[in-house]
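Hello,

Here is the structure I promised to pass on. Please have a look at it first, and then read my notes below.

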Amino acid sequence: MTERDTARVLAHPGPDEIRLEGVLHALSDPVRLSIVRDLAATEAELACSDFDLPVTKSTTTHHFRVLRESGVVRQTYRGTAKMNGLRREDLQSRFPGLLDSILTAATAEEGRPGTTA
């Protein structure tokens, strides 16, 4: 690993460091929840630029940072792109059924009057 590669490694909590309140906070925002829903719909990692979000680039960066620091997503650099993958296994191991329950509830909520999910 070169010095430049080391500088581009992002900090993530270990599986045992993921906290329930952090995960719930991360998923309480509609933009972050939509990111997680998109990631849950695919096995592939997605670049930040793959998401069509109704916020500025700097706000998008903030949302991805919250998701990464809470342990919901893993981010890695691939060239100049920052790739995002859902930490489904870590979340399932730490909080069995939580992610699936939240995703199911978000899908059920979608389309109801007065919702933004």
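Let me start in the sheet: Leu46 stands opposite Asn84, a residue of strand 3. Helices (H or I, at least four residues) and strands (E, at least two) are DSSP runs, numbered from the N terminus. This is a predicted model, where local features need pLDDT of at least 70 and side-chain atom pairs count only at pLDDT 80 or more, while totals for chains, interfaces and linings use all residues. Residues are numbered from 1 along each chain as its sequence is written, and side-chain values use heavy atoms, leaving out hydrogens and water.

Strand 1 and strand 3 (residues 81-86) run antiparallel and are joined by 2 bridges; two strands pair if DSSP finds at least two bridges between them. The open sheet has 3 strands in the order 1-3-2, with antiparallel pairing. Its edge strands, strand 1 (46-47) and strand 2 (73-78), each pair on one side only.

Ala81 also lies in strand 3. It touches Ala47 and Thr76, not counting residues up to four places away in sequence; contact means heavy atoms within 4.5 Å. Ala81 is partly exposed, with a relative accessible area of 27% (buried is under 20%, exposed over 50%, partly exposed in between; 1.4 Å probe, protein chains only).

Happy reading!
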